[in-house]
Amino acid sequence: MRLKDKIALVTGGARGIGLACARAFAREGAAVVIADVNGDGARASADEIAKTGARTLALAVNVADPASVQAMVAAVIEKFGRIDILMNNAGVGGNTPFLETSLEDWNRIVSINLTGAFLVAQGVAREMAKSGGGKIVNIASLSGQRGANGRAAYGSAKAGLELLTKVMAVELAPHNINVNNIAPGAIETEMAKFAHDAATRAAYNYLIPMTRYGTPDEIADAAVFLCSDEARYVHGHTLNVDGGFREAGLQVGA
């Protein structure tokens, strides 16, 4: 077991990528804290994982609220004494044209996807520094690397998170805190099933060399690697898990 006896905190862990990561961490021997704005969802997911024999804790958290983040970190420390792994996954989507993006929508998306990630990482890193180190994985996005319709707020927030990860990597290395990003491409989550119509799916599948959406479990596999000792010298890196989408050029005959 690659994460045996580790304490892993997963934000946005009630469903989708976050839940897949929580399940994978538990299978690898970690105790798992599922924190989500949907407290009932967090409890249901924690109960499901606990049936496998893993130690779990469910917490409600609003990552954009400093007091809520502070309470979450304190609750984990009270229960387990330390945090070894942070999967900084909580976020919201956004798909509004630039000229139609309101300041309210901009602030909401940035406050959760960038400021929220900052608040959680800072709070957890302070505890990791006290206990001798840890692993932090932020969930960025391909939308933070390439221009796309409707991604003014979302893409900007995720691009900011990529740079924040690099700064964290430089500043936290002396504390033995390993920091990396995962940038998913099109992933078959509940959100995608709801938001992506047939035309959107066809467009993605045309541009992805592997011609399919990824799965939450494929993101979780990458997360386990980055949180294990196998990735001990991988630092400040963004790992794209996107079926080759970012690197693809013209696909004649696809």
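Biologist: How many nonpolar, polar and charged residues are in the lining of the second largest pocket?
Modeller: Keep in mind that this is a predicted model. The second largest pocket holds about 350 Å³ of space, and of its 17 lining residues, those closest to the centre are Gly 134, Lys 135, Asn 176, Asn 178 and Asp 229. Strands S5 (134-139) and S6 (177-184) each supply at least two residues of that lining. Sorted by class, the lining comes out as 5 nonpolar, 6 polar and 6 charged.

Biologist: OK, now the largest pocket: which helix gives the most to its lining?
Modeller: That pocket has a volume of about 1,400 Å³, and among its 49 lining residues Val 92, Gly 93, Tyr 154, Thr 189 and Met 191 are closest to the centre. The elements giving two or more residues are helices H1 (16-27), H5 (152-172), H6 (190-195) and H7 (198-207). With 5 residues, the top contributor is H6.

Biologist: Last one: what does the count of disulfides come to?
Modeller: Cys 21 is buried, at 0% relative accessibility, and Cys 227 is buried as well, at 5%. The cysteine sulfur closest to that of Cys 21 is in Cys 227, 8.0 Å away. A disulfide needs the two sulfurs within 2.5 Å, so that pair is too far apart for a bond. The count is therefore 0 disulfides.

Note on methods:
Residues are numbered from 1 along each chain as its sequence is written. This is a predicted model: local features need pLDDT of at least 70, side-chain atom pairs count only at pLDDT 80 or more; totals for chains, interfaces and linings use all residues. Side-chain values use heavy atoms; hydrogens and water are left out. Buried means under 20% relative accessible area, exposed over 50%, partly exposed in between (1.4 Å probe, protein chains only). On a 1 Å grid over the protein atoms alone, a cavity is a set of points where a 1.4 Å probe fits but cannot get out, and a pocket is an open set with protein on both sides within 12 Å along at least five of seven lines; lining residues have an atom within 4 Å of a point. Grid points are joined across faces, edges and corners, and a volume is the space filled by probe spheres set on the points. Helices (H or I, at least four residues) and strands (E, at least two) are DSSP runs, numbered from the N terminus. Ala, Val, Leu, Ile, Met, Phe, Trp, Tyr, Cys and Pro count as nonpolar, Asp, Glu, Lys and Arg as charged, and the others, Gly among them, as polar.
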